[in-house]
Structures are given as structure tokens and as C-alpha cells.
Amino acid sequence: MSVPDAVSVGDAVSQWSAWKSAAECGTLNVDIDASRRLARACRNYVADLESALELVDSVDVVRGMGTLQSGIDLARKFSLKASGGEDSLEKSLLSHIDVLKEMEAYFQACVTRYFAVEAENMDRLARHEVSGS
């Protein structure tokens, strides 16, 4: 069994952005209540990740690995895992936040589109007289 390739952050952001555009055009719809709850969940999760991001500074300097060069190198390597490194916690949190913001925008677009369609329908119905009154 092969392991599927990981989806890049850029691909994930692009996909949610495309779905947002489809929702705005009315070609993709999601239940209004589900969209509201999911948009709120995205906002809450972003807030949690931003709080975690503020704590990265508290773990980005590793000490206590000794005075040998190997200990100094190891401390530097662990410090880069927090921030500044290619695969650091900081970069991971930021990429998750980017994707979640696109997700939230998509779900919010679904909510906005729902109310726009509702207003159009009400407008259309208001222009027609009901006979028999």
C-alpha cells in the first residue's frame, strides 16, 4: 500500500479559495447552519493556534545540552525546531492558520450567498401580486 503524497499548504489554500469562488457564484452550496458552525469553528481554531504561536518564543532557545560541540549543535537544532528552521513549529502553525482562514472565508461565502439568494427570492416574490385577496 502506497502512502499518498502530502498536500502542500499552497494546494490546500488554493482548493479552499476555489471552493469559496464557487460558493460566491452559487455553483456550490453548503447547509446554512453547518456553514455558520464551521466558520465559527475555524475562527476559534485560528485563535487557538495564534495563542500557541505566541508561546513559540518561550521554547525557541534551548539550553542545557552541555559545552561540547555536539551539545551546542543539538541545542541549535532543537531551537530551530521551534522557530527559524525550515520545518519549525512556527512555520507549521502559520501554514495551518493560512488554510483555516481560507476555510473560514469559504464557509462565510456560503452564508453570504445564502442570504443573497434569500433576498433575491423575496424581492422576486414581492413584485408579484397574489390573486384572490
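Tutor: Let's start with Phe 115, which counts as partly exposed at 39% relative accessibility; buried means under 20% relative accessible area, exposed over 50%, and partly exposed in between, with a 1.4 Å probe and protein chains only as cover. This is a predicted model, where local features need pLDDT of at least 70, side-chain atom pairs count only at pLDDT 80 or more, and totals for chains, interfaces and linings use all residues. Residues are numbered from 1 along each chain as its sequence is written, and side-chain values use heavy atoms, leaving out hydrogens and water.

Student: How many aromatic pairs does the structure hold?
Tutor: Rings of Phe, Tyr and Trp (its six-membered ring) pair if their centres lie within 6.5 Å; planes under 30 degrees apart are stacked, over 60 edge-to-face, and the rest tilted. The structure holds 6 such pairs. In one of them, Trp 19 and Tyr 106 have ring centres 6.4 Å apart and planes at 55°, so the pair is tilted.

Student: Which parts of the chain does that pair link?
Tutor: Distant ones: Trp 19 sits in helix α1 (residues 9-25) and Tyr 106 in helix α4 (residues 89-126), 87 residues apart. Helices are DSSP runs (H or I, at least four residues), numbered from the N terminus.

Student: Is Tyr 106 buried or exposed?
Tutor: Tyr 106 is buried, at 5% relative accessibility, while Trp 19 is partly exposed at 35%. Ring pairs also link both residues with Trp 16 and Phe 107 into a cluster.

Definitions and conventions: Helix = DSSP H or I, 4+ residues; strand = E, 2+ residues; numbered from the N terminus.
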